[in-house]
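This report describes a pocket lining and then the sheet of a protein model. Please keep the sequence and the model in view while reading.

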Amino acid sequence: TADEIAAVKRVVAEAEAEGDIVPVWGWERYQDLNKKVARIFEDGVAMGADFVAKVDDDTCLRPRRLLRTLRDWRRTRKPGAELYLGRYLFKGTEYEAMRGADGTIAPFQSGTAVVLSANLARTIFDVDRLYTTFFQPYGTSFDDANLGKWVQRAERVHGLAVDKVAQHGIGVDLAKTEGPLPLGDEVVRRKATG
């Protein structure tokens with residue numbers, strides 16, 4: 001549609017001007033979400049980022065809040081600690097579907113906006129690539145829950161100390177928002193579509 005074409009042109013212009021958007025190839029199908037998540041974090045690590053964020057298309061990051069949260073974490077973290085940041089931390093026991101095929105659970109961040117420190121992402125998606133890719137024996141269809149299992153393995157097998165930080169304010173649900181978005185000093189005007 002004309003609206004989609006205009007939106008794509010704006011995204012491409014932003015990506016070319018700022019270098020802050022990396023497209024990921026693949027179909028937007030539920031069964032492919034684990035692959036998409038892996039690709040996002042692999043690309044971020046390959047680009048040399050200190051932190052890599054995966055943000056759903058129905059969520060808008062609040063840049064100032066995110067940067068403040070990262071700054072606060074860097075200031076107070078223990079030496080060598082890694083970061084697993086999201087908007088809400090589930091225990092992994094709230095719903096039966098969160099259990100893996102083998103019955104295991106792990107705490108995990110709600111996947112609408114998730115940030116990993118680069119070394120944690122590298123451990124999960126490079127060092128543990130075999131384990132991460134073949135998640136079917138222990139995983140679920142929920143990519144968010146699987147990411148929690150991958151973080152748990154990085155802690156248990158590789159001895160990483162991971163700070164699990166939940167900060168709801170790093171993002172805004174676009175579907176629940178009408179009018180100006182509360183992004184701090186930045187204001188984005190948008191009318192809810194559904």
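The lining of the second largest pocket holds four nonpolar, five polar and four charged residues (Asp, Glu, Lys and Arg count as charged; Ala, Val, Leu, Ile, Met, Phe, Trp, Tyr, Cys and Pro as nonpolar; the others, Gly among them, as polar). The model is predicted: local features need pLDDT of at least 70 and side-chain atom pairs pLDDT 80 or more, whereas totals for chains, interfaces and linings use all residues. Residues are numbered from 1 along each chain as its sequence is written, and side-chain values use heavy atoms, without hydrogens or water.

Helix α2 contributes the most, five residues; α2 (33-46) and α5 (129-133) are the elements that give two or more. Helices (H or I, at least four residues) and strands (E, at least two) are DSSP runs.

An open sheet of mixed pairing has the strand order β1-β6-β3-β7; pairing requires at least two DSSP bridges.

| Strand | Residues |
|---|---|
| β1 | 51-55 |
| β3 | 82-86 |
| β6 | 113-117 |
| β7 | 162-166 |

Strands β1 and β7 are at the edges with a single partner each, so one side of each has no neighbour in the sheet. Strands β3 and β7 run parallel, joined by five bridges; Gly86 has Ala166 of β7 as its bridge partner.

Note on methods. Contact means heavy atoms within 4.5 Å. Axes are lines fitted to C-alpha atoms, for helices over the stretch in contact, and angles run from 0 to 180 degrees between N-to-C directions.
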